[in-house]
Amino acid sequence: MPGIKRIVHKHPLAIRWFHWINFPVLACMIWSGMLIYWANDVYKISWGSTVLFKFFPQGFYKSLHIPFRLAEGMNWHFALIWVFAINGLLYVLFTIFSGQWRLLLPNRHSIKEAWLVLLHDLHIRKTAPPAVKYNAAQRIAYSAIIIMGIGSLLTGIAIYKPVQFSTITWICGGYETARAIHFILTIGYVLFFLVHIIQVVKTGWNNFQAMVTGFEILPPSKKTDNA
Amino acid sequence: MPNHTLPEENISSKSLRKKSLIAFLILFAFLATAWYIFNYIKKQPEVAGTPKPLRKALNLNEKVFSSLFDSSKLVKEYPISEAAKKVRVNGKDGLKDSISEQSWRLKVVRNTGDTFSVSLEEIKRLPKKEIVFDFKCIEGWSQVSHWAGVPLQTFIEHYNLQPQSKMKYVGLQTPDKGYYVGIDMPSALHQQTLLCYEMNGKPLPLNQGYPLRLIIPVKYGIKHLKRIGTMFFSNEKPPDFWAERGYDYYAGH
């Protein structure tokens, strides 16, 4: 039929809001976290006694105007943590109660299928395994990011109030270990973000705009029944 | 095959375009608003060194976490063997003048105009408590270190300052008033809070606050005032050196 398009409803409105609220909030958490980290920037990757990479080089700090802003960083961090935590909590609750978790959590086929997705993405394999909303690699990645968020929250509490929440600090392996995990998880978000952007650009406009509009437009040739 | 499919629908191209446009406009409006709010907050007049909305957030956090404060929760203690021999020195504020034990006295203000003085000898005669704990700096480093002194709680009882301890805060200042802190009373009365005169079993070094400093393990290092000159009590927040420079007033663990 001319003038008629067939669409498939992909992302519920609530999930789109959680996603787009999280984007600036997490960006601000990472930025303010860097302002805090600068005051005691002890982490590095070493091979024996050789430092391969220091987090972070002076040029990096300077170009982002990070030095001597510890108080400002802490104040933003501990103000926005409420938004980050509440938004994340609502996302998890929505995912549980709406049944969206069925489309999100990995299942028993996911590890094998994720491997096939990877081969497909690397142009080694022609076809990708069938998927409803997310393919197996996405299921693993988008579930892992929730675990990472919970990890950031717990390690953050562990270093923010190590006496009142001493049990959480103990679970996180102590004060200094908790700080290290908190940092590693943040590096994890940045890597996740880079891969996420590359994948979204590669997958194309129809997929991207679905995170804004909620729906994907089906190609005209596609049969209406995909059951 | 997965037993769930996503709902599909036929829609006219016109209404599809309209729906997309509205969704994108809302997203742009949202992101623009977020950017505006971020810059608006940064531009707000400062209260004690930080934009007012951030100071309000810190005060809210202070309300939440001081109401959760449980004085029976103790800071983890370590064996003396784990204490650092070389203890980090991070600040010299308030320590510029010379000092001698003969002339030094701790001035305690009971009420305005009602002050008494205590010598180091008198403080040393009170029951001594040692603590080895992980000293935590707001900068992010921490160090296990070994201190000894009289619990502030014991000092308050010995000098009959119980009426004063019903007030909300303790204020401490260096003799030159170059450094000063305010401590909420529950943290001040915590059993691990010490008026400290020894580090690693020896009198405090000058750069660690000789002759008497505060050791308050439930707070960040910024509250562990070195070289106490004056102690007073108040229901208003006493002035606090770092809280005037943008930092959190509570700074508690």
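Visitor: Which strands does helix α1 (residues 13–43) of chain B lie across?

Guide: β1 of chain A together with β1 of chain B, and α1(B) runs at about 100° to β1(B). Helices (H or I, at least four residues) and strands (E, at least two) are DSSP runs, numbered from the N terminus. Angles run from 0 to 180 degrees between N-to-C directions, using axes fitted to C-alpha atoms (for helices, over the stretch in contact). Keep in mind that this is a predicted model, where local features need pLDDT of at least 70 and side-chain atom pairs count only at 80 or more, while totals for chains, interfaces and linings use all residues. Residues are numbered from 1 along each chain as its sequence is written, with chains lettered from A and ligands numbered from 1 in the order in which they are written.

Visitor: What order do the three strands of the open sheet take?

Guide: Here's the general idea: strands of a sheet pair through backbone hydrogen bonds, either parallel or antiparallel. In this sheet the order is β4(A)-β1(A)-β1(B), with antiparallel pairing. β4 (215–217) of chain A and β1 (8–12) of chain B are at the edges with a single partner strand each, so one side of each has no neighbour in the sheet. Ignoring direction, neighbouring strands are turned by 40° against each other on average.

Visitor: How many bridges join β1 (residues 4–9) of chain A to β1(B)?

Guide: Five, and the two strands run antiparallel. Pairing takes at least two bridges found by DSSP.

Visitor: How many residues of chain B are in contact with chain A?

Guide: Contact means C-beta atoms, placed from the backbone, within 7 Å. By that count, 46 residues of chain B touch 41 of chain A. On the chain B side, β1, α1 and α2 (52–68) each supply at least two residues, and α1(B) gives the most, with eleven. That side has 23 nonpolar, 13 polar and ten charged residues (Ala, Val, Leu, Ile, Met, Phe, Trp, Tyr, Cys and Pro are nonpolar, Asp, Glu, Lys and Arg charged, the others, Gly among them, polar).

Visitor: Is chain B a compact globule or more spread out?

Guide: Its secondary structure comes to five helices and 13 strands. The radius of gyration of chain B is 26 Å, well over the 18 Å from the globule rule for 253 residues, so chain B is more spread out than a compact globule. The radius is taken over C-alpha atoms, and the rule is 2.2 Å times the number of residues to the power 0.38. Along the principal axes, the C-alpha atoms of chain B fill a box of roughly 90 × 50 × 35 Å.

How values were computed
Contact = placed C-beta atoms within 7 Å.
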